[in-house]
Amino acid sequence: MTHELKQPWWQHAVGYQLYPRSFRDADGDGIGDIAGIMEKLPYLKALGVDFIWLNPIYLSPNVDNGYDISDFQKIQPEYGTMAEFKALLDKCHELGLKLILDLVINHTSDQHPWFLEAKKGKDNPYRDYYHWQPATSEKQPPNDWQSFFGGSTWTYDENSGESYFHVFAPQQPDLNWRNGQLRQAIYQMIEWWLALGIDGFRLDAISHLQKEPWDFKITDNPWAPFMNVSGIEAYMTDLQGLFRKYHVMTVGEASGVSSRQAVSWTDDDGYLDMIFELEHNVREGEPGSERINVLGFKKVLARWQKHLENAGWNALYVENHDNPRINSVLGNETVKSAQAIAVAYMLLKGTPFIYQGQELGMTNYPFATIAEVDAKDSHNHYRLLLESGVSPEEALRLTTHWTRDHARTPMQWNDSPNSGFTSGTPWLAVNPNYPQLNVEAEMADEGSVLRFYQKLIGFRKAEGTFVTGGFDLVAAGDPDIFAYLRQGQEKAFLVVANLSAKKRILTIPKRYLAQETAATYVFGNLASDATAGLLTKKLTLAPYDAAVYELAMN
Ligand code: ISL
């Protein structure tokens with residue numbers, strides 16, 4: 001493969017992850033929709049992003065909010081129609097925005113026609129599209145592997161006396177990628193979307209396509225039997241061929257692909273343009289009150305930066321639809337902490353993604369009852385805790401502290417009822433802080449998180465050094481401050497972010513001080529630019545201070 005086949009635009013781009021269900025509801029049914037997205041494209045344009053990744057919008061019984069697909073080539077009616085989708089794609093292109101879709105090909109819904117057929121019996125032609133194994137005595141699962149959503153990876157089927165395999169919910173049976181006919185059907189579906197002119201895909205749970213033999217014994221990592229298992233290379237190579245044919249951008253959700261392996265997954269000959277690692281959310285503290293550990297967070301990110309410094313490419317993110325709000329679990333729910341986190345990750349090497357609402361500094365939702373929770377995995381977790389004898393109050397706390405629903409509450413547009421998200425009843429409650437924390441208020445406030453993101457995107461884009469420059473971690477052992485150098489041929493920047501609520505003093509290594517007076521404060525959230533001026537040996541940082549210094553080059 002030659003270099004020209006790679007699409008370079010995404011290396012300069014900033015992406016926006018849009019969760020359609022919670023973005024904007026134009027028809028008042030309480031559920032976000034395509035018409036709502038259409039309405040808000042000018043907002044995304046004003047924010048300064050270059051492309052949008054849409055979470056699944058395909059036909060789905062919604063057991064896992066669209067990640068259980070029953071028809072890959074139909075639009076979920078509550079989101080709109082295919083005609084509306086095409087109009088959205090055209091509108092994006094007209095505005096200079098690219099649009100990428102979620103590609104969920106590790107599993108389908110149990111309501112997908114393939115699975116409905118497969119369930120009919122052992123001789124059905126679609127049987128082998130999925131994984132079936134005879135249950136051992138007394139309907140016991142064929143092995144002891146556990147699913148990501150809790151419980152066995154096997155669900156027993158009375159009809160055939162066999163069990164089928166699922167790494168997520170029982171309603172999400174895994175596809176059998178060893179079956180050539182299945183692969184062809186998937187490839188055709190992918191080409192159909194590519195031919196429509198979309199700009200790329202985010203590949204869901206892509207590292208799980210291949211499974212170990214069923215008698216594989218788990219030692220330490222419970223997910224090892226289906227994480228980047230040998231044999232996946234052939235499938236990824238097929239996919240790569242399709243993506244290159246259409247010159248689209250791809251980002252894989254590839255847990256279990258190590259930072260070393262990521263190089264060959266994402267370099268010039270790589271299967272994908274970039275991958276999301278799932279390692280940097282290093283948690284500390286007791287279950288139910290965990291936070292992100294700054295040292296762990298920055299060490300993981302720094303390792304990925306170093307390993308992909310010369311080849312391969314990083315996808316940068318601090319939030320998505322599967323995790324709590326970063327301003328709650330790493331920040332202290334203030335404007336400043338949201339800003340410091342933004343600086344800390346957006347100036348790394350790679351393509352930054354912003355998850356909807358992150359640009360406002362949105363925070364976790366104060367869940368008071370389990371009924372307020374939608375995520376099925378959280379309900380599962382809650383039930384398992386109750387079954388193990390934990391009290392309902394404790395189970396609620398343990399379940400909701402890190403639930404995915406924190407990220408899924410409706411986008412906060414203004415201070416009108418339900419934050420301007422819907423004129424109806426929202427499918428998930430709006431965070432009560434919306435009267436203060438919303439797009440309209442923040443657009444009007446020069447010091448807001450939103451305006452800061454706007455400026456930061458502009459700042460990043462104006463400096464090629466952030467795209468191509470090298471990376472070096474500074475003050476590696478500091479438990480609260482994430483500091484690093486981005487150095488290119490012509491310019492060098494020192495990025496410093498105090499990711500704690502404490503006042504901290506950072507000792508700047510001598511080599512960056514050689515030209516002390518020449519260091520210029522060029523971006524940040526310091527209280528006063530005047531005092532921010534000089535980079536001194538001892539740099540005092542207030543809680544969640546973030547600063548970028550341009551260093552004079554010799
Ligand atoms: O490694 C994992 C957990 O440690 C997981 O890889 C897993 O791949 C990840 O949680 C997958 O998430 C994605 O697929 C799910 C869906 O529920 C999520 O919303 C989606 O982001 C199933 O499709």
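Ala, Val, Leu, Ile, Met, Phe, Trp, Tyr, Cys and Pro are counted as nonpolar, Asp, Glu, Lys and Arg as charged, and the others, Gly among them, as polar.

**View 1. The shell around the ligand.** By these classes, the shell comprises 5 nonpolar, 5 polar and 7 charged residues. The model is predicted: local features need pLDDT of at least 70 and side-chain atom pairs pLDDT 80 or more, while totals for chains, interfaces and linings use all residues. Residues are numbered from 1 along each chain as its sequence is written, and side-chain values use heavy atoms, without hydrogens and water. In total, 17 residues surround the ligand, the closest being Asp64, Asp204, Ser255, His321 and Asp322; a residue is included if one of its heavy atoms lies within 4 Å of the ligand.

View 2. Ligand oxygen atoms lie 2.5 Å from a polar side-chain atom of Asp64, 2.9 Å from a side-chain N or O atom of His107 and 3.1 Å from one of Arg202. The protein buries 86% of the 500 Å² that the ligand exposes when taken alone (Shrake-Rupley method, 1.4 Å probe).

**View 3. The salt bridge of Arg202.** Arg202 also pairs with Asp102, their closest N and O atoms being 2.9 Å apart; a salt bridge requires a side-chain nitrogen of Lys or Arg within 4 Å of a carboxyl oxygen of Asp or Glu. Because Arg202 belongs to strand S9 (residues 200–203) and Asp102 to strand S5 (residues 98–103), the pair ties together parts 100 residues apart in sequence; strands are DSSP runs (E) of at least two residues, numbered from the N terminus.

Definitions and conventions
A polar contact is a pair of N or O atoms within 3.5 Å; within protein, one must be able to donate a hydrogen and the other to accept it, and residues adjacent in sequence count only if both atoms are side-chain atoms. Helices (H or I, at least four residues) and strands (E, at least two) are DSSP runs, numbered from the N terminus.
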